[in-house]
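I opened my notebook to look at this structure one piece at a time. Here is what I looked up, in the order I looked.

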Amino acid sequence: MNAIILSAAFGVMMMLCSFLLKNKGSLRHIASIALLILLVANIADTYGHTMFLINTHGMLLFNRFGMLFNSIAIGSTFVYVLLTGKEIEKTGTYVAEYFVLIFFVLCGVTLLSSYNNLLTLFLGIEIMSIPLYILTGSDKRNMKSNEAALKYFLMGAFSTGLMLMGIALTYGGTGTFNMEAVRTFPNIYKGLASFLEILGLLFLLVSMAFKVSAAPFHFWTPDVYDGAPSVFTSFMATIVKAAGFIAFIKLCAVRMNETSGVVNWQMIYAILIVATLLVGNITAVFQQSVKRMLAYSSIAQAGFMLFSLISLNDLAYEGILLYAAAYSLATIGIFAILVKMKDISLEGYNGLAKTQPALAATNMVFLLSLSGIPLTAGFFAKYYMLAAVLKTGTYTWLVIVGVLFAAVSVYYYFRVIQAMYFKEGNPQTEVITPSFKYGVIALAALIILLGIFPNLILNWLYF
Amino acid sequence: MSTSEILFWFLSVLALFSAIMVLVSKNPVHSVLWLIVVFFAISGHYLLLNAQFLAIVNIIVYAGAIMVLFLFVIMLMNLNKGTEPQKNIWMIFSGVISGGLLLWIFISASISAGDIVGKNALLKDGDIGLIQNLGKVLFSEYALPFEISSVLFLSAMVGAVVIGKKN
């Protein structure tokens, strides 16, 4: 509860800052301090020190898993603001408002990690999405940004419509918005669930797959991620996407699981996974722009995160948290370096190791982590995802498919490394301050540390 | 036949007829006007179910705000008979098939859903739709989503400023 209320309150506070403070440079410092307070408040909440005792009437359910995810999301946002805060200021004139929207997105994220009712699920998804439509279009003079925002808004509104339709149909089938539905006699179909509910759940599945950009509902992703200002793409592709997965996994663990006697949901997830891995990885191979390549790679990574829906065991829950942390941190790092580059095509990276050895080395660590090479956090993230499926004993073929596509992904991540280290060129970067350099080095160190001791995060789930 | 039954059949026929007219009208402005008739007929149904608040909200929000928006869009884009795009035969074909499949699913869902068959709506009595009960539920059981939706509206307002204000 702390995180939900405080993030909204900090959003309002940043709004007041926008006209009370004339000095724009101090805004990002205020935002990072607020994020730190938010993180501390959330950790305090995890151990029972809540500031707000509110009777939620079962609308929200706080558990250790959701709380730990909140901490990961807030922590990643903190790292994000520290590394790329300056770039946020450069995007446009309404700097404070961008931070306001980021705080509101966090409010939606914390809501999604604790929802226990389809109403709060809907509110969380919307609070998370609407600020993103605006952030996508924040670079008003750039036509690509405008196009991306409109596209994102229209597609997002359409998927919201599907979600509402799904919620309405499941309500018709069960007579309740609660996650755990009591299925009494007239609502029963085949002894388990009403047909209306199954239809509604299918709609919900489609709209959630849209939000996490799983194929075949991914068509908006490359254009939106490519068109949005790079700083905000970084935020959208990491924290927001991970939160979408937390919401998705909860929906699957309760509602889909209850009706699994009627519909073979696991087969549907398997089809989604194979399609997502195929589209994401194969298309990423052919991209010439690093930013667009990262957009497709984020689709491919979503495919790996979807593995947790099939297994839904303790390894899957641990794995999705580790994946959220590893993927968010690595992608934030890559984007932090990307926004410093003048030319974001693959050629723009040629010879970076000569001119900026520190940036090239850290970028290599981030890319290795994304491709899942051992000793980086990404390896254990992928390992947990695949091991969780193996533990269920079924769908072993899916694990083999996953490993094959992980091998494909190594190819396009290594193209960037190859460009940085083995090609001649004179890459143009903006001025790199020493503090930025130390920041990315610390982030890379954190990723390696998590790659050696993944329990640094996972222990928090139990102690 | 009681009065409410006569009203029910009249409103149902009106709603269905005007919904079909929305589809078959060649002129988009006529379609929109027929759609308003649909909304009024549905509001009449709500009144029959003793849900006055829902009926009024339906008219204010749909017939009022959203329809005006539709009309604006149609007028701004200057859509009329002449500008109707030529439709590809395959487009129509796939549209009919996918629409028909959806209709099929909905009909079979309604038929096999045990909770709909053989259950009558409460006509004239039943006080779920009264604004008093709605308010009580909204500020007790649903207080949390009600309050949290303010964040949603606030972010939409901030967005309107960020996108709309001139530099």
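**Entry 1: a loop in chain A**

I began with A:S213, which is buried because 27 other C-beta atoms lie within 10 Å. A:S213 sits in the loop between α7 and α8 of chain A. I also looked up its backbone angle: phi of A:S213 is near 55°, which is positive although the residue is not glycine.

A note on sources: this is a predicted model, where local features need pLDDT of at least 70 and side-chain atom pairs count only at pLDDT 80 or more, while totals for chains, interfaces and linings use all residues. Residues are numbered from 1 along each chain as its sequence is written, and chains are lettered from A and ligands numbered from 1 in the order in which they are written.

A cis peptide bond joins A:A215 to A:P216, with omega at about 0°.

**Entry 2: another positive phi**

Where is A:L312 placed? I found A:L312 in the loop between α12 (307-311) and α13 (314-338) of chain A. Its phi is positive, about 50°, and A:L312 is not a glycine either. Is A:L312 buried or partly exposed? A:L312 is partly exposed, because its count is 18 other C-beta atoms within 10 Å.

I noted how helices are defined here: helices (H or I, at least four residues) and strands (E, at least two) are DSSP runs, numbered from the N terminus. Helix α3 (residues 64-91) of chain A bends by about 70° at A:T84. The bend at a residue is the angle between axes fitted to the seven residues ending there and the seven starting there. α3(A) is mostly covered, with 21 of its 28 residues buried.

Next I picked A:A387, found in helix α16 (residues 377-392) of chain A. A:A387 is partly exposed, since 18 other C-beta atoms lie within 10 Å.

**Entry 3: chain A as a whole**

How many helices and strands does chain A have? I looked up 19 helices and zero strands. Chain A has a radius of gyration of 21 Å, close to the 23 Å that the globule rule gives for 463 residues, so chain A is as compact as a globular protein of that length. (The radius is taken over C-alpha atoms, and the rule is 2.2 Å times the number of residues to the power 0.38.) Along the principal axes, the C-alpha atoms of chain A fill a box of roughly 70 × 55 × 45 Å. Of the 463 residues in chain A, 60% are buried.

**Entry 4: chain B**

Chain B has six helices and zero strands. Of its 167 residues, 12% count as buried. Chain B is divided into domain 1 (3-129) and domain 2 (130-167), with bounds from an automatic or database domain assignment. The contact between the two takes four residues from domain 1 of chain B and four residues from domain 2 of chain B. Here, two residues are in contact if their C-beta atoms, placed from the backbone, lie within 7 Å.

**Entry 5: where the chains meet**

The contact takes 21 residues from chain B and 34 residues from chain A. On the side of chain B that touches chain A, α6(B) gives the largest share, 13 residues. By class, that side of chain B has 13 nonpolar, six polar and two charged residues. (Ala, Val, Leu, Ile, Met, Phe, Trp, Tyr, Cys and Pro count as nonpolar, Asp, Glu, Lys and Arg as charged, and the others, Gly among them, as polar.)

**Entry 6: confidence**

I closed with the scores. pLDDT is the predictor's confidence in each residue, from 0 to 100. Chain A averages a pLDDT of 90, and 97% of the residues score at least 70. Chain B averages 83, with 86% of the residues at 70 or over. The model scores ipTM 0.87 and pTM 0.90.

Notes. Buried ≥ 20, exposed ≤ 12 C-beta atoms within 10 Å, placed from the backbone.
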